[in-house]
Amino acid sequence: MRNIINLIVVIASLSLVVSCDYIKKQGNNVESTNRPAKVNRIDNSVNVDQLPQAAKDYINKFLPGKDIVRVKVDEDEFEVWLSTGEQLEFDLNGKIKEIEFAAGLPSSVIDERVAQDVKLIDAKAYIVEIDQKPNGDFDVKLNNGKKISYDADYKRIDF
């Protein structure tokens with residue numbers, strides 16, 4: 001009986017080693033994505049120069065004068081922190097996914113139609129976060145906790 005238990009333990013251990021090796025090989029396959037090859041394995045941080053050019057262009061165009069102080073990468077996104085504490089998320093191609101400024105987003109990143117609609121809803125409210133969906137729709141979070149959803153044509157679809 002003891003030999004059977006030992007045999008089961010050995011077989012289970014071998015299958016665990018084989019499956020872990022397979023997962024490890026699959027997890028390191030970065031060739032099929034735009035994920036940078038040089039990633040700090042402790043916290044997933046990367047150098048600013050590994051951020052896609054489209055993301056850098058977005059920051060330079062809409063947030064001039066703000067320096068990038070930290071960049072992290074996950075399976076499907078880059079997280080970027082600016083010197084003034086703001087946080088942005090980009091997909092692996094550099095397209096903006098989310099932007100969050102606790103003190104309110106600058107007008108340079110807010111479409112005028114959305115800004116006007118927010119003022120109609122609450123003249124004292126301001127936008128603290130925009131979350132872009134893959135289909136072009138997006139959610140806007142206000143400083144008062146309200147969330148407004150818009151379609152890709154900037155029409156309000158939910159409040």
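What follows is a short exchange about those labels.

Mentor: Start with one caution: this is a predicted model. The protein chain has three helices and nine strands. Read along the sequence, they run α-β-α-β-β-β-β-α-β-β-β-β. Of its 159 residues, 33% count as buried.

Trainee: Why is E77 called buried?

Mentor: Buried means under 20% relative accessible area. E77 has 11% relative accessibility, so it counts as buried. E77 sits in the loop between β2 (68–73) and β3 (78–82).

Trainee: What makes the link between the side chains of E77 and K97 a polar contact?

Mentor: The cut-off for a pair of N or O atoms is 3.5 Å. The side chains of E77 and K97 come to 2.9 Å. That pair is within the cut-off. Leaving aside neighbours within four places in sequence, E77 is also in contact with K72, E89, F90, D91 and L92.

Trainee: How do you know that S149 is buried?

Mentor: The limit is again 20%. S149 has a relative accessible area of 10%, so the label buried applies. S149 lies in strand β8. Its side chain makes a polar contact of 2.6 Å with the side chain of D139. Not counting residues up to four places away in sequence, S149 touches several residues, including F138, K155 and I157.

Trainee: What separates the C-alpha atoms of V48 and V80?

Mentor: A distance of 9.0 Å, with the two residues 32 apart along the chain.

Trainee: Now the helix α3. Which of its residues are buried?

Mentor: In α3 (residues 112–121), V114, D117 and V118 are buried.

Trainee: How do you know that they line one face of the helix?

Mentor: Look down the axis of α3. The buried residues fall within an arc of 100 degrees, so they line one face.

Trainee: What do the buried residues of α3 pack against?

Mentor: Four strands: β6 (127–132), β7 (138–142), β8 (147–150) and β9 (156–158). At the start of α3, a side-chain oxygen of D111 comes to within 2.8 Å of the backbone nitrogen of R113.

Trainee: Last, the largest pocket. Which residues lie nearest its centre?

Mentor: Y58, V109, I130, Q132 and Y154, out of 18 lining residues. The volume of this pocket is about 290 Å³.

Trainee: Which strand gives the most to the lining of the largest pocket?

Mentor: That is β5, with four residues. α2 (53–62), β5 (96–100) and β6 each supply at least two.

Trainee: How is the lining of the largest pocket made up by class?

Mentor: The lining has 11 nonpolar residues, three polar and four charged.

Key. Residues are numbered from 1 along each chain as its sequence is written. This is a predicted model: local features need pLDDT of at least 70, side-chain atom pairs count only at pLDDT 80 or more; totals for chains, interfaces and linings use all residues. Side-chain values use heavy atoms; hydrogens and water are left out. Buried means under 20% relative accessible area, exposed over 50%, partly exposed in between (1.4 Å probe, protein chains only). The arc is that of the directions from the helix axis to the C-beta atoms. Contact means heavy atoms within 4.5 Å. A polar contact is a pair of N or O atoms within 3.5 Å; within protein, one must be able to donate a hydrogen and the other to accept it, and residues adjacent in sequence count only if both atoms are side-chain atoms. On a 1 Å grid over the protein atoms alone, a cavity is a set of points where a 1.4 Å probe fits but cannot get out, and a pocket is an open set with protein on both sides within 12 Å along at least five of seven lines; lining residues have an atom within 4 Å of a point. Grid points are joined across faces, edges and corners, and a volume is the space filled by probe spheres set on the points. Ala, Val, Leu, Ile, Met, Phe, Trp, Tyr, Cys and Pro count as nonpolar, Asp, Glu, Lys and Arg as charged, and the others, Gly among them, as polar.
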